[in-house]
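Work through each task with the structure in view, then check the solution.

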Amino acid sequence: MRAVLFETFGERPSLHDVSDPHLTDDGVIIQVKANGICRSDWHGWMGHDPAIANLPHVLGHELAGVIESVGNNVSTWKKGDRVTVPFSGGCGYCSQCKDGFPNICDNDFQPGFTAWGAYAELVAIRYAEWNLVRLPDDMNFVGAATLGCRFATAFRGVLDQGKISKGNWVVVHGCGGVGLSAIMIASAIGARIVAVDITDAKLELARSAGAQHTVNITETETMVEKVCEITGGGAHVSIDAVGNSRVSRNSINCLRKRGLHVQIGLTVGRDSVVGVPMDKVIARELKIVGSHGIQAFRYKDMLEWIRDKKIDLNSLVSRTVSLEESIDVLVGMENFDGEGVTVIDRF
């Protein structure tokens, strides 16, 4: 099969012909029809994620496709099924999985991180009984590729962890794929949204996704004060959708008393340690929660919610590219130039 492979962290990947993935008894092989290009991939390529322990490696965790073959111990799924997977899968047996949190499984399986991923024609998925999600017949693969990380992660962050409700002031820091998804979801709930970013183009996308107010952080030295003025005292919920120590602190500082900060963006590498303004956390009785992926069993409710709210997942997709073209997109992610979600749909 063809796959985008890198052999050294930070060195440009290239397109290779490699062996087809190995089918395990508990897994399936999926023919990849679409795969999103995510900033988490960039972090993996740069060596920021310890889950990538062996090189060479193939990235890719936002996948959708068709089952090509099924392991001996898999009874729920068959060849030809249209499926996607959460980016962090559970084994089904550890205490976290039994408690209903396979997204933080003790033996987690992450395509593109703990194993080769979907920048390829085929990808092997472990723990298939627990983690595969059937796609609705009317959902195209490109739209479905936004679910695996960006939209699904935002869904859990906004509803399950943030518990955002109608009328809440919500500040979303970073208007990439996760941030735009969070804005769409919070807007559909009826929240009042302030979007924060560094480019006007992304802020315009945020407005189209449902943000009523926008702040370009490069145009003001008092971003926190401006947000507090707009919201009449600060956000009920503030979300870091970037994964940056400065952004995380800004997000916390934007909260009103008893507000909630949700950390969705991955803080890795030099941003792994965030200086939390703990004096404000104490004085204002603030809350800080993390949000990591989503459980596979929540997809059913999420897909029904998407249908009920008439959410257009394809509106998150700014462009589609070939497998070979994905290399330039990945390498260029350091500059935060891209808008929306870029999806590989030609393999």
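**Exercise 1**

Where is tyrosine 119 found? And is tyrosine 119 buried or exposed?

*Solution.* The model is predicted.
Step 1. Locate the residue. Tyrosine 119 lies in the loop between helix H2 (95-98) and strand S6 (122-125).
Step 2. Check its accessibility. The relative accessible area of tyrosine 119 is 1%. The cut-off for buried is under 20%. Tyrosine 119 is therefore buried.
Step 3. Compare sequence and space. Tyrosine 119 and isoleucine 288 are 169 residues apart in sequence. From C-alpha to C-alpha, tyrosine 119 and isoleucine 288 are 34 Å apart in space.

**Exercise 2**

Work out how H5 and H6 cross, and list the residues in contact.

*Solution.* 
Step 1. Take the axes. Helix H5 spans residues 147-161 and helix H6 spans residues 177-189. Their axes come within 8 Å and cross at roughly 50°.
Step 2. Classify the angle. Under 35 degrees would count as roughly parallel, and 65 to 115 as roughly perpendicular. H5 and H6 are therefore oblique to each other.
Step 3. The crossing of H5 with H6 is right-handed.
Step 4. List the contact. H5 brings Arg150, Phe151, Ala154, Phe155, Val158 and Leu159. H6 brings Gly177, Val178, Ser181, Ala182, Ile185, Ala186 and Ile189.
Step 5. Sort by class. The contact of H5 with H6 has 10 nonpolar, two polar and one charged residues.

**Exercise 3**

*Solution.* 
Step 1. Angles under 35 degrees count as roughly parallel.
Step 2. The crossing of H6 and H7 is right-handed.
Step 3. From H6, Leu180, Ile183, Met184 and Ser187 take part. They meet Leu205, Ala206 and Ala209 of H7.
Step 4. By class, the contact of H6 with H7 has six nonpolar, one polar and no charged residues.

**Exercise 4**

How many disulfides does a search of the whole structure find? Explain the result for cysteine 94 and cysteine 149.

*Solution.* 
Step 1. Recall the bond. A disulfide is a covalent bond between the sulfur atoms of two cysteines.
Step 2. Set the cut-off. The sulfur atoms must be within 2.5 Å.
Step 3. Cysteine 94 is buried, at 10% relative accessibility.
Step 4. Cysteine 149 is buried, at 6% relative accessibility.
Step 5. State the total. The search finds zero disulfides.

Technical notes:
Residues numbered from 1 in each chain as written. Predicted model: local features only at pLDDT ≥ 70, side-chain atom pairs only at ≥ 80, totals over all residues. Heavy atoms only, no water. Axes fitted to C-alpha atoms, helices over the stretch in contact; angles between N-to-C directions. Helix = DSSP H or I, 4+ residues; strand = E, 2+ residues; numbered from the N terminus. Parallel < 35°, antiparallel > 145°, perpendicular 65-115°, else oblique. Left-handed = near helix turned anticlockwise from the far one by under 90°. Contact = heavy atoms within 4.5 Å. Nonpolar A, V, L, I, M, F, W, Y, C, P; charged D, E, K, R; others polar. Buried < 20%, exposed > 50% of the residue type's maximum accessible area, 1.4 Å probe, protein only.
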